[in-house]
Amino acid sequence: MRPAEATRDPSARWEHYEHGADIGVRGYGATRESAFEQAALALTAVIADPESVEPRERVSLSCEAPDDELLLAEWLNAVVYEMDSRTMLFSRFRVRIEGQRVTAEAWGEPTDVARHHPAVEVKGATYTTLRVARDRSGTWVAQTVVDV
């Protein structure tokens, strides 16, 4: 688990959890936005250490879906698409959610195999264990399994 670097949200963090041959990503935060940001950091961490990725270039992303769970899957798939199509990794995210639409910025840099040591390629977010909700403490949790 790593604390959020660019946020003042003390509950913001991410983690991985095991799920068969794939990997679960989970983000926590005081808001849905923060939990989505942390889930995207967890996604990056499946591939490489986010701390090794410099936030040099900004990329705008957007997506929408009919509910929070599907919105999380669409969001993570938008991140996967941008990383793949631009051959980039991201280490910082800013998410805004209005209704069931995400508009966001991601900061990162082109993948440098020698420096980033990418471990796997993420194919996409699945609907397995897909969940966006508040836990007993009121912290938002955003989680799903990613196909690697």
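Predicted model: local features only at pLDDT ≥ 70, side-chain atom pairs only at ≥ 80, totals over all residues.

**Glycine 24.** I began with glycine 24, and leaving aside neighbours within four places in sequence, I found it in contact with Glu15, His16, Tyr17, Thr144 and Val145; contact here means heavy atoms within 4.5 Å. Glycine 24 sits in strand E3, residues 22-29. I took helices (H or I, at least four residues) and strands (E, at least two) as DSSP runs, numbered from the N terminus. Buried or exposed? I looked up glycine 24 and got buried, because its relative accessible area is 0%. My cut-offs were under 20% relative accessible area for buried, over 50% for exposed and partly exposed in between, with a 1.4 Å probe and protein chains only. I also checked glycine 24 against proline 10: they are 14 residues apart along the chain, and their C-alpha atoms are separated by 22 Å.

**Ground rules.** Residues are numbered from 1 along each chain as its sequence is written, and side-chain values use heavy atoms, with hydrogens and water left out.

**Whole chain.** I counted three helices and nine strands. From the N terminus the order reads β-β-β-α-β-α-β-β-α-β-β-β. How does the radius of gyration fit a compact globule? For 148 residues the rule gives a value near 15 Å, and the chain has 14 Å, so the two agree. That radius is taken over C-alpha atoms, and the globule rule is 2.2 Å times the number of residues to the power 0.38. Along the principal axes, the C-alpha atoms fill a box of roughly 40 × 30 × 30 Å. Buried residues make up 51% of the 148. Of the contacts between residues at least 6 apart in sequence, 61% join residues at least 24 apart.

**Glycine 20.** Next I went to the loop between strand E2 (13-19) and E3, where glycine 20 lies. Glycine 20 is exposed, because its relative accessible area is 78%.

**Alanine 125.** Alanine 125 is in strand E7 and counts as buried, at 13% relative accessibility. Beyond four places in sequence, alanine 125 is in contact with Ala73, Leu76, Asn77, Thr144, Val145 and Val146.

**Core.** Which residues touch the most other members of the largest nonpolar core? I noted Phe36, Leu72, Trp75, Leu76, Val79 and Val102, out of 43 residues. The elements giving two or more residues to this core are helix H1 (32-47), strand E4 (57-64), H2, E5, strand E6 (101-110) and strand E9 (140-147). H1 gives the largest share, ten residues. A nonpolar core here is a set of buried Ala, Val, Leu, Ile, Met, Phe, Trp, Tyr and Cys residues joined through side-chain atoms within 4.5 Å. I then followed valine 102: not counting residues up to four places away, it touches Phe36, Leu61, Ser62, Cys63, Leu71, Trp75, Val95, Arg96 and Ile97.

**Serine 34.** Serine 34 lies in helix H1. At 5% relative accessibility, serine 34 counts as buried. Outside its four-place neighbourhood, serine 34 touches Asp9, Ala12, Tyr28 and Gly29.

**Positive phi.** I flagged threonine 87, with phi near 50 degrees, a positive value in a residue other than glycine. Threonine 87 is in the loop between H2 and E5. Histidine 117, also not a glycine, has a positive phi of about 50 degrees. I found histidine 117 in the loop between helix H3 (113-116) and strand E7 (124-125), and it counts as exposed at 55% relative accessibility.

**Second largest pocket.** Last stop: the lining includes Ile47, Met83, Thr87 and Val122. Helix H2 (68-86) and strand E5 (88-98) each supply at least two lining residues, and H2 has the largest share, three residues.

Key. 1 Å grid on protein atoms, 1.4 Å probe; cavity = no way out; pocket = protein on both sides within 12 Å on 5 of 7 lines; lining within 4 Å.
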